[in-house]
Amino acid sequence: TSLAGTIGSVPNICQGSSTTLTVTGTRGTIQWQLLVGSTWTNVGTGATTLNTGALSASTQFRVVVTNGVCSAATSAPYTVVVDQPSSGGTVSVTSG
């Protein structure tokens, strides 16, 4: 039986940063995927961890796990939340 496991939570990251995701409780061969538009795309295989690379927007990840001839099991999607950089704004002077 394939067992998809659970992707552990990570804190929000700033735009352009990366983080490492970890999946636990799997049984079988791991295939990491990320959601691009409406399509799940393979991004890494075999390891229980995945470095996301630099992200510019919040992104969903999941794992698909296969064990031998058993049907694949898919984890619940996990969203890495990407915060926009801080901005100091503009100071203006108005004479009165």
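Reader: Hi! What kind of model is this, and how are residues numbered?
Author: It is a predicted model, where local features need pLDDT of at least 70, side-chain atom pairs count only at pLDDT 80 or more, and totals for chains, interfaces and linings use all residues. Residues are numbered from 1 along each chain as its sequence is written, and side-chain values use heavy atoms, leaving out hydrogens and water.

Reader: Thanks! Which strands does β4 join?
Author: β4 (residues 29–36) runs antiparallel to β7 (residues 59–66), with six bridges joining them. Six bridges also link β4 to β5 (residues 39–45), again antiparallel. Strands here are DSSP E runs of at least two residues, numbered from the N terminus, and two strands pair if DSSP finds at least two bridges between them.

Reader: What sits between β4 and β5?
Author: Two residues, making a hairpin; G37 in the turn has a positive phi of about 65 degrees.

Reader: And who stands opposite W32?
Author: V63 in β7. For Q33, the bridge partner in β5 is N42.

Reader: Switching topic: which residues touch the most others in the largest nonpolar core?
Author: L21, W32, F61 and V80, out of 16 residues. Such a core is a set of buried (under 20% relative accessible area, 1.4 Å probe, protein chains only) Ala, Val, Leu, Ile, Met, Phe, Trp, Tyr and Cys residues joined through side-chain atoms within 4.5 Å.

Reader: Nice. What does the Q31 side chain reach?
Author: A polar atom of the Q31 side chain lies 2.8 Å from the backbone oxygen of G44.

Technical notes:
Helix = DSSP H or I, 4+ residues; strand = E, 2+ residues; numbered from the N terminus. Buried < 20%, exposed > 50% of the residue type's maximum accessible area, 1.4 Å probe, protein only. Polar contact = N/O pair within 3.5 Å; in protein donor to acceptor, adjacent residues only side chain to side chain.
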